[in-house]
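I opened my notebook to keep track of what I looked up in this structure. Come along and check each entry against the model as you read.

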Amino acid sequence: MTESLSFSLDPRLKTKLFGTELPSPLILGSGTLAEHVGQIDPFLKSGAGAVIPRTTRKNMERKVHPSPHLYQTGPIRNETMINAEWTGAAIDYWRPYLEDLAKTKRIIMSISGRDISGCIDVCRELDLYGFPLMELNISCAHSNNIHGMITRNEEHIKKVIGGVKEAGVVTPLAIKLGHSDEIVQLSEIAKKSGADANVWSIVISYSFNGCRPYYQRSGNTNNCMWRSKPS
Ligand SMILES: Cc1cc2nc3c(=O)[nH]c(=O)nc-3n(C[C@H](O)[C@H](O)[C@H](O)COP(=O)(O)O)c2cc1C
């Protein structure tokens, strides 16, 4: 990992994140742009203050990327599409690279907060490396819709943050919440439960509000969509 910048950044962009100095406040959000270790370096070299690789977890339950994986939602004639892919890698994939990633001090690991005990295990393991921050992800829209809207579930938020803190994890913790009308109250609950930071994932079309999944292929001949159940 050669994380040094390929040009000089204005030193006024320097910022501190829980005591760690970052060269800029721009952070690449977790997702498909950094699913593999080789995809990280170009972002670091281009001046991202930090990179959050794709959310990892203890076990990938889904071994294959399903097709179709685009989800069509919204009212008739005003539809929108959401990418509901299931790529990403379990902690086994990242393990050989963790030491080098942590040394950069510019990688924030994102851990799925859906399976609480798996999340605690992964956080305990990552805690040994000294990352500047860990992000517990409960924001994922398609996963939320299937698994009971955990992003808005106070009990789940308390349990996942409380569980990781009680396990003795000392790395600062952020919780990543998805779109919700109650995001401020949920952030308060997260804070009281021990979270050191909140990350809000807010994209209007990235929400599954009021929409039930309809796991059937649409009539679309390209065969790559789910549709929301017609109301
Ligand atoms: C295809 C795709 C995959 C994503 N995967 C993750 C993920 O693995 N973990 C996560 O915390 N957020 C994930 N996100 C959410 C993004 O990190 C981000 O919060 C969201 O897209 C809103 O930011 P934007 O407006 O810059 O897109 C994903 C988003 C997209 C579109």
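**Entry 1: Ile27 and its surroundings**

I started with Ile27, which touches Ala48, Gly49, Ala50 and Ile52 when residues up to four places away in sequence are left out. Here I count two residues as in contact if their C-beta atoms, placed from the backbone, lie within 7 Å. Before going on, I noted that this is a predicted model, in which local features need pLDDT of at least 70 and side-chain atom pairs count only at pLDDT 80 or more, while totals for chains, interfaces and linings use all residues. Residues are numbered from 1 along each chain as its sequence is written.

I found Ile27 in strand β3 (residues 27–28). Helices (H or I, at least four residues) and strands (E, at least two) are DSSP runs, numbered from the N terminus. Is Ile27 buried or exposed? It counts as buried, because it has 20 C-beta neighbours inside 10 Å. My cut-offs: a residue is buried if 20 or more other C-beta atoms lie within 10 Å of its own, exposed if 12 or fewer, and partly exposed in between, with C-beta atoms placed from the backbone. I also looked up Ile107, which is 80 residues from Ile27 along the chain; their C-alpha atoms are separated by 9.3 Å.

**Entry 2: The whole chain**

I noted 7 helices and 12 strands in the protein chain. Of its 231 residues, 32% are buried. Among contacts with a separation of 6 or more, 66% are between residues 24 or more positions apart.

**Entry 3: A parallel sheet**

I followed an open sheet of 4 strands in the order β7-β8-β9-β10, with parallel pairing. Two strands pair if DSSP finds at least two bridges between them. Which strands stand at the edges? They are β7 (109–112) and β10 (197–200); each has a single partner strand, so one side of each is left without a neighbour in the sheet. On average, neighbouring strands of this sheet are turned by 30 degrees against each other, direction ignored. For such angles, axes are lines fitted to C-alpha atoms, for helices over the stretch in contact, and angles run from 0 to 180 degrees between N-to-C directions.

I then zoomed in on β7, which is joined to the parallel strand β8 (residues 134–137) by 4 bridges. Met109 stands opposite Met134 in β8. Both faces of β7 are covered: Met109 and Ile111 are buried on one side, and Ser110 and Ser112 are buried on the other.

Helix α4 (residues 116–127) lies across β7 and β8, at about 160 degrees to β7. Helix α7 (residues 183–192) lies across β9 (173–177) and β10, at about 155 degrees to β9.

**Entry 4: Helix α6**

I checked the length of α6 (residues 154–166): its 13 residues should span 18 Å at 1.5 Å a residue, and its end C-alpha atoms are 18 Å apart, which agrees. The expected span is 1.5 Å times one less than the number of residues. Which residues of α6 are buried? They are Ile157, Val160, Ile161 and Val164. These cover an arc of only 85 degrees around the axis, which puts them on the same side of α6. The arc is that of the directions from the helix axis to the C-beta atoms. What covers them includes α4, β8, β9 and α7. The face turned away from the buried side carries the exposed residues Glu155 and Glu166.

**Entry 5: The core**

I looked up the largest nonpolar core, which has 38 residues; those with the most contacts inside it are Val51, Met134, Leu136, Ile161 and Ile175. A nonpolar core is a set of buried Ala, Val, Leu, Ile, Met, Phe, Trp, Tyr and Cys residues joined through C-beta atoms within 7 Å. The largest share of this core, 5 residues, comes from α4. Leaving aside neighbours within four places in sequence, the contacts of Ile175 include Leu136, Ile157 and Ile161.

**Entry 6: A positive phi**

I ended at Phe18, in the loop between β1 (15–17) and β2 (20–22). Phe18 has a positive phi of about 45 degrees although it is not a glycine.
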